[in-house]
Amino acid sequence: MKTSGFRLSLAVVLFVFLGLFATAGVRADAEQQQIVFESGYNTPSAGLSAEQVEQLEDTETFTFQTEISRLMSLIINSLYKTREIFLRELISNASDALDKIRFLALTDATALATNDKLAIMIAADPEAGTIVITDSGIGMTREQLKQNLGTIAKSGTSEFLAKFEESKGDVNQIGQFGVGFYSVFLVADKVTVASKSNDDEDQYVWSSHAINDFMIAKDPRGNTLGRGTEITIHLKDDALRFLEEDTLRSLIGKYSEYINFPIYLWTSHEEKVIKQNEDVDDDDVIEEEDLEDDVDKKKEEVQETRIVHDWERINTQKPIWLRNAKEVSKEEYVDFYKSISKDQREPLSWTHVKGEGDVEYRSIIYIPSKVDPNFFQNLAEKAHNVRLFVKRVFITDEFDLFPKWLSFLKGIVDADDLPLNVSRETLQKHRALRNISKHLVKKALDMFAQLAKDDEEKYTTFFKEYGNALKFGTVEDNKHRKKLATLLRFPSSYDPSEAAVSLESYISRMKSNQKSIYYLSGMAVSEVEQSPFLEKLLARGYEVLYFVEPIDEMLVQNMPGYSGKMFVNIAKGDLKFGDEDLDDFDPSLETQFKPVADWLKETLAEDIDKVILSKRLTTSPMAIVASDYGLTGHMERLMAAQGQSSKEHESMLNFMKLQKKTLEINPKHPIIKSLLDRDTFDEDTTELVKVLYETTAIRSGYPLKDINGFTKRVETIIRKGVGAPLDEEVEVEVEAAPEKTKEEKEQDDEMLKSMKEDNPEDDEDDFFHDEL
């Protein structure tokens, strides 16, 4: 029994030892294996190192075609605006290669046999200073490597290069995928391309320093790709920032977010894991019944931080603009807007456009819920709200696809084909892009109109944010003025609460024989509502539009009417209602009140040109009216507020201010009647009338010329009213502030002296200006 027990114990010990050894082996492997392959792909290829390329055997060297050498020289020196587009071009080429193999697979079932995973893999190696871009596309044979990367077969390229050189490099190229591969030399001093095609048994390597020649050799590693292409980029010293993971992630997201195929980036992150330590004392005899307890007691759990690497898919967003609009949900539209605009608020509305004709394109345009606070201040600058794609590859956001007044719109435009082998300036004026822009403007206006039709409340919200932009468009854009006019909204006497009255609805409520659209301008609705000009019109039931935005005055100058009805400012000229034959105005009143009119004209001669009886007043004694071509009080204030310091502006403003106005008096008002009953007008009456005129000027929207005179006259009236002496001065008793002491003066002098010594080149005036 002892022998049997010993054998059993020995077996148990051996079993535990082997188990611990196996566990330790697994643990060691785990420490070395820091990679979790959630994506299903293996570790990235390191590509061919510079040493490996130098040691290649059976190499064959070729000289670049003349056009290629010229092209690379242009690329490196002036062709592209930014160096970062090399990644966009290489990813686009990889996408094209994947498209080709997928197309072949439709008719050849074995095309994908060597690798059925269609993807683009990008990995940076900071130690080697390289970026490796791998795709599982169609790949290239030895001869294709020579032809595709050593010559330019595309017709017209030589002519393009000649024209470009003639322009002395003063052209800003957008990029063209046919020659896009060579953009890699913007950041690389050496490039190695390994490629494997189904049409070739071997995998070949192409390598060049972008000088005059390139070499091709069989890949000594054998067939590592199965099928596809691997580009190893040896970065220049001044391009090492492209090795950073965040930089690559940002560029992929910026330019290639919507490529059809998955783009994986080799990434790393820290992760906390449980480390298990198992200590076994070889001197102890482990009995079978105590084995489990002893092992559990010796296990200790310790947390440690490890660097975990994995492939991360970057282009997770889907190009929803390629789908039928009926198939895209509201949530998808909103999520897409948030992803491209970085605005977490829902858009007010959007339109999904598919354009066909000379240029086929798709687009989604959004209305942000809030206007940019600096929108009107930045109208002179380029907006970057609409991103232009070509076949799902981002090209630029610097084109003016919308006019300035629509530059608040955000979205994307994806054209199937645009001439990218031209300058940005040329493409901006190209007929294809102009047609796209023209169509988009029409679709945007249709979107606004549909929003107004479907949801008037939401449209009111939209107009509150962007109404001035539409008015600006009405002023600037003759072509779309008629359409824009239907979209305008204003507050009015019918609904003064908000800008919700359209011109069409105003016309629908016009009175019989009314030929004009009446409006009145002011700084705010509350100010306009107190104007004496409204009295007669509102009393008779006429609706008046309230123009309370600075741009409204400019609007009516450029759009004098709508639907056959002319705009009429009720604060200017001789107001007519269209039913003068029914008016109860008595012409004999003009003769009756002529003495008062003459005296008022004489008394206020500096300010008024004539005095007439009013047809627009009911409760106010008088009103100041501008001539048909003069400035209203509101317009005078707007011009003064512009702050322009040019002599021409000041001269024009002063000239317009000096234009005398017309004073309209109300013959039914008690004050005017009282003046008529007087035989003479003493000094007190004259002063009272001046005060009345000045208060009327304020109510009519005009700034006072003599504020001090106005306040003195008001004070005189108050003194008389309360019985205070008119000539009594205020007794002022204040204590004068003490002068500086000698010590204070010395301290100030020392301070100024030290400041000048610290800033010897600074002018004293500049110094004090900077301090202010």
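## Strand 12 and its neighbours

Three bridges join strand 12 to strand 13 (residues 393–396), and the two run antiparallel. Strands here are DSSP runs of E with at least two residues, helices are runs of H or I with at least four, and both are numbered from the N terminus. Two strands pair if DSSP finds at least two bridges between them.

This is a predicted model, in which local features need pLDDT of at least 70, side-chain atom pairs count only at pLDDT 80 or more, and totals for chains, interfaces and linings use all residues. Residues are numbered from 1 along each chain as its sequence is written, and side-chain values use heavy atoms, with hydrogens and water left out.

The chain has 26 helices and 21 strands. Of its 772 residues, 43% count as buried, that is, under 20% relative accessible area with a 1.4 Å probe, protein chains only.

Strand 12 (residues 386–390) is largely enclosed by the rest of the structure, because five of its five residues are buried. In a regular strand, side chains alternate between the two faces of the sheet. On one side of strand 12 lie V386, L388 and V390, and on the other R387 and F389, all of them buried.

| Partner strand | Bridges to strand 12 | Direction | Bridge partners |
|---|---|---|---|
| Strand 13 (residues 393–396) | three | antiparallel | V390 with V393 |

Conventions:
Buried means under 20% relative accessible area, exposed over 50%, partly exposed in between (1.4 Å probe, protein chains only).
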